[in-house]
Amino acid sequence: KAGIPLGVMKVLDPRQLKPDITETERILTVLDETIVKLEITRLIPRIIGSLERYARMLGPEITSSLLEHQKLSVEIQHLLASPGDEESRRAVEQRLKCSLRNILRLFLANPLLYHGLKYKVRVRESPADVFIKAFMEFRDFTLEKLLTSPDEEKEKIQFMKDISLQVEKNTETISALQEELAALIQTRDEELKRKDKMIENLKTSIEDLSKDCKAEIQHIMKEGESQQKEDEKGSEDRCGRLEQDIQLLGARFNELVLEHRASELVLRKEKCKAEREIQKWVQKYDTDMTEKQATYDKLQAAYNEEKEQLSMLMEKHALLLQEYTEIEEERRILKEKEEEAAREEARRNDAATCIQAVWKGYLVRSIYKSKLKKGKGKGKGK
C-alpha cells in the first residue's frame, strides 16, 4: 500500500466514500428510496399469498389496498390470457400501477413495518433479486463516480495502467524464459541425438572392420594351406609376411579403437556439460518463480485479511440494525400505550365534565322549582 497514491486508495476503499455535498446526498437518497421500493415490490406477492397471517401487522388500510391490488392482478391476467378490448386492458393496467404506487406510499410512510416484514417474510430467490443486486451495485458505482474527482480518476487510471504494464512485463519475461528453456532443451536433444548417431556409426564401423579383418585372415590362412603342399619354402616366407600384416592390422585396429574411445569420451564430457548447464537454468527459473509465488501469496494473504475484516464489520452492522429495529418497535408500542392512556384520561375528563354539567343543571332546576313553589304559596294567602 505504500506505493499506492492516496487518491487511488480512497477510490479503492469503499469505507472512505462519504457524501460531502447536498446534490450527492439527494441523488443517493433517490437511489436508496428506489432500492427500498424494489424490495417492497418483491415482498408484495409473498404478503398477498399469506395476507391473513400479516393482516394484523399491516392494518386495515394496507390490507384493503393489497386485496384491491390482488383483484386487479387477477383481472389483468385474465385480460392478457384472452384477447379482448385493448382500452379495457390499458385502463386496468393504469389502475394496477396506481394501486402499486399507493401501496408503496403506505409502506414508505411506515418504515418500521417494512423493516419488520423484511426480516419476517421469507422470499425465494428470483430474477428480481438479481436486478436489485445489480441496482445496488449501480448505486455504489454512482457513489464512487460522484465522490471521485478528475485528479483521483486520473490517478486510478494511471495506477491500473502501471499494474497492467507490470503484469505484461512479467508475462513477457516468463514467456521469454520459457522459450529460451524450450530452445535449450531442443538444442540439447538434437545434440544428443547427433552424438548418439555418431557413436552408433563408430560402433558399426568398428564391427565392420573387425569382420573384414577376420574374413581376410581366414582367406589368407586358406591360401596358405593350399599353397603349403605346393611350395613349403615359400610358405614360410609368406607366413612371416602374413603374420607381420596381421600384427600391423591388429595395431591399426587398436589405434582405431583408442581413437574412437577418446572421441567418445570427449563427446560424453560435452554432453555432461550441456546437462549441467540446463540444470543450472532450470534451478534459476525455479528460484525466480518461487520468489514471485511468495510475493503473490503475501498479497493474497493481505487481501484475504482485509476481506475477513470487511465481512466482520458487515455482520456487526446487521446485528446493530436488527437491535435498532427492535428498539424502535418497543418505542412505538410504548408510545401507543401512552397515547391510549391519554385518550382514556381525556374520555374520563369529558365524562366527568358532562356529569358535573348535568348535576349543576339539576341543582339549578331544583332551586328554581322551589322558588316557584314559594311564590305561588304567597299569592294564594293574599
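Predicted model: local features only at pLDDT ≥ 70, side-chain atom pairs only at ≥ 80, totals over all residues.
Local features are reported at pLDDT of at least 70 and side-chain atom pairs at pLDDT 80 or more, whereas totals for chains, interfaces and linings use all residues. Residues are numbered from 1 along each chain as its sequence is written, and side-chain values use heavy atoms, with hydrogens and water left out.

**View 1. Overall composition of the chain.** The chain contains 9 helices and 0 strands, where helices (H or I, at least four residues) and strands (E, at least two) are DSSP runs numbered from the N terminus. Of the 382 residues, 16% are buried (under 20% relative accessible area, with exposed over 50% and partly exposed in between; 1.4 Å probe, protein chains only). The accessible surface amounts to about 30200 Å², and carbon and sulfur atoms contribute 56% of this area (Shrake-Rupley method with a 1.4 Å probe). Among contacts (heavy atoms within 4.5 Å) with a separation of 6 or more, 75% join residues 24 or more positions apart.

**View 2. Crossing of helices H2 and H5.** The axes of H2 (residues 22–49) and H5 (residues 86–109) come within 10 Å and cross at roughly 110°; axes are lines fitted to C-alpha atoms, for helices over the stretch in contact, and angles run from 0 to 180 degrees between N-to-C directions. The two helices H2 and H5 are therefore roughly perpendicular (65 to 115 degrees; under 35 is roughly parallel, over 145 roughly antiparallel and the rest oblique). On the H2 side, the contact involves Val36, Lys37, Ile40, Thr41, Ile44 and Ile47, which meet Leu100, Ile103, Leu104, Phe107 and Leu108 of H5. These residues comprise 9 nonpolar, 1 polar and 1 charged (Ala, Val, Leu, Ile, Met, Phe, Trp, Tyr, Cys and Pro are nonpolar, Asp, Glu, Lys and Arg charged, and the others, Gly among them, polar).

View 3. The whole structure holds 2 aromatic pairs (rings of Phe, Tyr and Trp, the last by its six-membered ring, with centres within 6.5 Å). In one of them, the ring centres of Phe135 and Phe138 are 5.9 Å apart and the planes lie at 50°, so the pair is tilted (planes under 30 degrees apart are stacked, over 60 edge-to-face and the rest tilted). Both residues belong to H7 (residues 127–147), 3 residues apart, about one turn of the helix. Phe135 is buried at 16% relative accessibility, whereas Phe138 is partly exposed at 42%.

**View 4. Surroundings of Lys195.** Lys195 lies in helix H8 (residues 150–230) and is buried, with 5% relative accessibility. Beyond its neighbours within four places in sequence, Lys195 contacts Leu267, Glu270 and Lys271.
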